[in-house]
Amino acid sequence: MKFGIFYEHQLPRPWSDGSEQELFNEALDQVELADRLGIDFAWEVEHHFLEEYSHSSAPEVFLAACSQRTSNIRLGQGIRQVIPQYNHPARTAEVIATLDLVSNGRVDFGTGESSAELELGGFRIPVEKKREIYLEAVEQICNMLAMDPYPGYKGKYFEMPCRNIVPKPVQRPHPPLWVACSQRDTIRLAARLGMGALTFAFVDPEEATEWVEEYYRIIKSEECVPIGHAVNPNICMVSSFSCHHDRQTAIDRGLDGFKFFGFALGSLYAFGEHQPGRTDLWKQFEALQDAEPEQIDITRALSGSQGGIGTPDDLRAHLRKFEACGVDQVTFIQQAGRNRHDHICESLEVFGTEVMPEFKEREDERERSKMEELAPYIEAAMARKKVMASLADEDIPIYPSLGRKISEESKSEASIYDNPR
């Protein structure tokens, strides 16, 4: 099993001058530490206008900075908003390829459509059509990354003439493709499209078994028709994270941050209302805590989605359950709420030196065996894909430069005046 760290860049109020800068600098230090420890992935989300919950609106900039401070850790856009109103498909292809180049081929391309009204409404994206728009965009971005030149496209929600998108990525035909999944239906969609499933639903290992089995059943079936030019058969699940040799210390350092993560997520996506620049989620969270004081039960704190909070032995037992049910990667929510930078780094150090090595020992053989088993199914899936037709050289359009166009139009207009009818 592989491991990742995940960033929303959470910053609860109140804010002070320099607090965002400190947040980003600390996150860069954490990714650099994770790379030294041998953690496999650093995932960075793209969100807009989600104050306190996520100050990560330009993940490609943060990940590019990470690329220059690390050597091995894979850098995941987890996710890139691919709907054209957020990011034009050609711009997404250019960003992903450039990031892959500056990181020497370490990018994973996570995609998403968003389900927050503050984001969707801010960019005037119709909620009822967002899935269709998303699917159209993802397919064309993959074509842009893989094809030379991109033949052009006129679809329902997006169109573009023939162009050759440059640069091209290091990883061909394109970096591994993922989709963010918060519900079981999206897990099924990921499998049908041959994409990795980034599951941002907090499920316990017992429930994860059903999700994993269904995902790989679809990958192996005729339902799987890849949206991209390669299949990425992987399922990643998120977990809370706080590791210390003393269990209560781990809980004291990590549980409130994880609870705020869940509260802010619910408020922004499900039950809250928000006044831009004025709503104080942290104050609401504290008021709820005061109104309904909760006696933290250690057993409950170590079960289900909160099982990543505890001692090295607690985490080892928690992660073995995910490994047993076939999860390919667990990524940790470690930067949440007001979790402190020094505590996060200490947790990563303990995990990386005392917990992770056991799983690393088994990973190469597990991955080899899995891909060997899946090889014929992936080959069959790729054979089912309807590939966009490339243009023959003689069919590639020729586009005059603007200066030439203006000059020729001027000459044409002059000839009309010179030769009146």
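**Barrel, helices and salt bridges in a predicted model**

Trp178 stands opposite Gly196 in strand S8. The model is predicted, with local features requiring pLDDT of at least 70 and side-chain atom pairs pLDDT 80 or more, whereas totals for chains, interfaces and linings use all residues. Residues are numbered from 1 along each chain as its sequence is written, and side-chain values use heavy atoms, without hydrogens and water.

Strand S7 (residues 177-181) and strand S8 (residues 196-199) run parallel and are joined by four bridges. Strands are DSSP runs of E with at least two residues, helices are runs of H or I with at least four, and both are numbered from the N terminus; two strands count as paired if DSSP finds at least two bridges between them. Strands of a sheet pair through backbone hydrogen bonds, either parallel or antiparallel. In this model, eight strands close into a barrel with parallel pairing, in the order S1-S2-S3-S4-S7-S8-S9-S12. From one strand to the next, the twist averages 25 degrees.

Helix H1 (residues 19-37) lies across strands S1 (2-7) and S2 (41-44), and runs at about 175 degrees to S1. Helix H7 (residues 205-219) packs on the sheet and touches S8 and strand S9 (235-240), its direction making about 165 degrees with that of S9. Contact here means heavy atoms within 4.5 Å; axes are lines fitted to C-alpha atoms, for helices over the stretch in contact, and angles run from 0 to 180 degrees between N-to-C directions.

The structure holds 37 salt bridges, each defined as a side-chain nitrogen of Lys or Arg within 4 Å of a carboxyl oxygen of Asp or Glu. Arg13 and Glu51 form one of them (2.7 Å, N to O). Because Arg13 lies in the loop between S1 and H1 and Glu51 in the loop between S2 and helix H2 (59-67), this pair ties together parts 38 residues apart in sequence. The side chain of Arg13 also meets that of Glu52 in a salt bridge (3.3 Å, N to O). Arg13 is buried at 10% relative accessibility and Glu52 at 0%, whereas Glu51 is partly exposed at 23%. Buried means under 20% relative accessible area, exposed over 50%, and partly exposed in between (1.4 Å probe, protein chains only).

A further salt bridge joins Arg247 and Asp314 (2.8 Å, N to O), linking helix H8 (residues 247-271) to helix H11 across 67 residues. Arg247 is partly exposed, at 32%, while Asp314 is buried, at 16%.
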